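Subject: Structure for your attention

Dear colleague,

Please find the structure below, followed by an account of what was found in it. I would be grateful if you read the two side by side.

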Amino acid sequence: KLFRWWKNDDQQYSTPLEQTNTAKMTRPEDLELEGEMNIFQRPRTALIPMFTASFSAFGSYLVIRELWGDRHSSSSSSSLAAPRSSMRPPLVRALLGFCVVDIIGSVAYGLSTIPTPHWQTHVPYALGNYETCEAQGFSIQFANVAGPLYN
């Protein structure tokens with residue numbers, strides 16, 4: 001019984017299978033999880049992905065910068081960067097694509113709960129609306145599918 005959904009009239013919790021005719025559905029804010037987070041833990045779980053995702057995006061940016069090389073300078077500091085006139089090898093192009101997908105996913109994860117609709121009062125830092133939530137979900141799913149495909 002990890003998730004308790006229904007309240008009886010005498011305020012006893014029961015699962016949907018044990019419900020009676022007098023059971024009423026509660027608001028999402030009233031639902032209880034065993035081991036529910038307290039008011040100090042919720043903001044932490046919203047802030048931690050912001051930091052870890054920024055490290056991931058910065059690391060991918062550094063890889064892209066190293067692979068892309070300086071195209072305007074005559075002496076390139078990168079040994080992997082191709083000359084201006086030739087195409088890059090397939091492995092380098094695949095790695096560049098993977099890094100771009102990783103940056104997209106890292107930004108989506110890094111936004112954490114910010115795109116969540118603001119009327120979700122139980123979610124800390126919820127400032128968005130339905131469209132921002134959908135855009136974040138699309139970006140995360142895109143990165144979850146495209147990342148392993150590049151790998």
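Helix α2 (residues 90–110) packs against helix α3 (residues 130–150) at an angle of about 150 degrees, and their axes are 8 Å apart. Here axes are lines fitted to C-alpha atoms, for helices over the stretch in contact, and angles run from 0 to 180 degrees between N-to-C directions. Helices (H or I, at least four residues) and strands (E, at least two) are DSSP runs, numbered from the N terminus. The angle makes α2 roughly antiparallel to α3; angles under 35 degrees count as roughly parallel, over 145 as roughly antiparallel, 65 to 115 as roughly perpendicular and the rest as oblique. The crossing of the two helices is left-handed, meaning that the near helix is turned anticlockwise from the far one by less than a right angle, whereas clockwise would be right-handed.

On the α2 side, the contact is made by A94, G97, F98, V101, I104, G105, A108 and Y109. From α3 come Q136, S139, I140, F142, A143, N144, A146, G147 and Y150. Contact means heavy atoms within 4.5 Å. By class, this contact has 11 nonpolar, 6 polar and no charged residues. Ala, Val, Leu, Ile, Met, Phe, Trp, Tyr, Cys and Pro count as nonpolar, Asp, Glu, Lys and Arg as charged, and the others, Gly among them, as polar.

Please note that this is a predicted model, in which local features need pLDDT of at least 70 and side-chain atom pairs count only at pLDDT 80 or more, while totals for chains, interfaces and linings use all residues. Residues are numbered from 1 along each chain as its sequence is written, and side-chain values use heavy atoms, with hydrogens and water left out.

F98, in helix α2, is partly exposed, with a relative accessible area of 30%. Buried means under 20% relative accessible area, exposed over 50%, and partly exposed in between (1.4 Å probe, protein chains only). Apart from its neighbours within four places in sequence, F98 is in contact with G147 and Y150. F98 and L149 are 51 residues apart in sequence, and their C-alpha atoms are 8.7 Å apart in space. S106 is also placed in helix α2, but S106 is buried at a relative accessible area of 6%. Not counting residues up to four places away in sequence, S106 touches A53, S56 and A57.

Turning to α1, how far apart are its end C-alpha atoms? They are 41 Å apart, which agrees with the 40 Å that the 28 residues of α1 (residues 41–68) should span at 1.5 Å a residue; the expected span is 1.5 Å times one less than the number of residues. The buried residues of α1 are A46, A53, A57, S60, I64 and L67, and what covers them includes α2. After α1 comes G69, whose phi is positive, near 70 degrees.

The loop between α2 and α3 holds S112 and Y125. Neither is a glycine, yet S112 has a positive phi of about 50 degrees and Y125 one of about 65 degrees. S112 is buried, with a relative accessible area of 13%, whereas Y125 is partly exposed at 38%.

For the protein as a whole, the secondary structure comes to 3 helices and 5 strands, in the pattern β-β-β-β-β-α-α-α along the sequence. Of its 151 residues, 26% count as buried.

Yours sincerely
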